[in-house]
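This report concerns the charged side-chain pairs and the nonpolar surface of one protein model. The sequence and structure are shown below.

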Amino acid sequence: MALALGACQDSSAPATTAAAPSPSAPAAAAPATAKPVSYHAAKYDPIHFKPAIEKATDQQCLACHAEVLKPSVRKASPAGVPSSEAKAWYQVTSTYQGEQDTFHRRHLETAMAKQLMNMRCTTCHEGNDPREEATGSSATDFGHQTLRKMVNPETTCLKCHGKMNFEVMGLPGPWSQSKEAFQNNCLLCHAAIRTTRHQVNYLNAKAIEEAGKTNGDVCYGCHGGRAWYRTHYPYPRHAWPGMPPEVPDWAKSRPTESEVRFIAAAVTSGEKK
């Protein structure tokens, strides 16, 4: 990745064109001591492709992409509206705190992110095809990117920014209309229902459980309170102690385990690593 670091600042034509790795040929990360060749060589560095991307560290990613964590929110819009007065609808839960901040900083740098999450660059980013960023458009495409997206929102963003599936939960209406009846306390039901939850490496399960006891908005924030999408995420239905043996119709197509990349050698009983 040191190759990529230096190459980020070099826009000259490459001395030699680096070939994109074949999906069938395992790629290895560039040696740390390799001398930068060019921006183009860095762009096609194996670390941007599978399988090297799967083991990329934040340090490696930020060697070139450090700007994503720098505060860069404008104080006012071009029309003159102060950022302090511009709140989106998903920024009104009680857990949303602080000044406007960038997308990446909200997920990696804010106090709440550090308390409840353990996200890494590769939690969302699984590489991309630098040719066209369109799935199926090249021989090196690995087939699961969404057009023009640097991540697959269906397997990442939707997990926390999908619509609350209140129908299958048996609620009388959306949580915004029902929460008073439940004292804005999700644990009134979830102290005994679906108690095996959040056991993935990008969340701090123990901290989430503790925070959820004091404020229902902690739960709602990720389960409908910041729904950027009109659909919901089909969460895996992990078995929990006392789970009824009958599987309801809506759950019959649900997985029973999280994706391997989110659980392999990473979950430590909810403790932040």
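Is E54 buried or exposed? E54 counts as exposed, because its relative accessibility is 53%; exposed denotes over 50% relative accessible area, buried under 20%, and partly exposed the range in between (1.4 Å probe, protein chains only).

## Basis of the report

The model is predicted: local features need pLDDT of at least 70, side-chain atom pairs count only at pLDDT 80 or more, and totals for chains, interfaces and linings use all residues. Residues are numbered from 1 along each chain as its sequence is written, and side-chain values use heavy atoms, with hydrogens and water left out.

## Salt bridges

Side chains of opposite charge can pair when their charged atoms come close. A salt bridge is counted here when a side-chain nitrogen of Lys or Arg lies within 4 Å of a carboxyl oxygen of Asp or Glu. By this rule the model contains 9 salt bridges. One of them joins the side chains of E54 and K50, with an N to O distance of 3.5 Å. K50 is partly exposed, as its relative accessibility is 26%.

E126 and R261 form a salt bridge through their side chains, at 3.5 Å from N to O. This pair links distant parts of the chain, 135 residues apart: E126 lies in the loop between α6 (121-124) and α7 (157-161), and R261 in helix α13 (residues 260-263). Helices are DSSP runs (H or I, at least four residues), numbered from the N terminus. E126 is buried, with a relative accessible area of 9%, whereas R261 is partly exposed at 29%.

A salt bridge also connects the side chains of R197 and E209, at 2.8 Å from N to O. Here too the pair links distant parts of the chain, 12 residues apart, with R197 in the loop between α10 (187-190) and α11 (205-214) and E209 in helix α11. R197 counts as buried at 17% relative accessibility, and E209 is partly exposed with a relative accessible area of 22%. Elsewhere, salt bridges with shared partners join K50, E54, E126, K159, E259 and R261 into one network.

## Nonpolar surface patch

W89, F103 and W228 make a nonpolar surface patch of about 340 Å². Patches consist of residues with over 30% relative accessible area and no salt bridge; nonpolar side chains (Val, Leu, Ile, Met, Phe, Trp, Tyr) are joined within 5 Å, and like charges within 9 Å. Accessible areas come from the Shrake-Rupley method with a 1.4 Å probe, and for residues only the protein chains shown count as cover. F103 belongs to helix α4 (residues 103-108) and is partly exposed, at 45% relative accessibility.

Terms used
Helix = DSSP H or I, 4+ residues; strand = E, 2+ residues; numbered from the N terminus.
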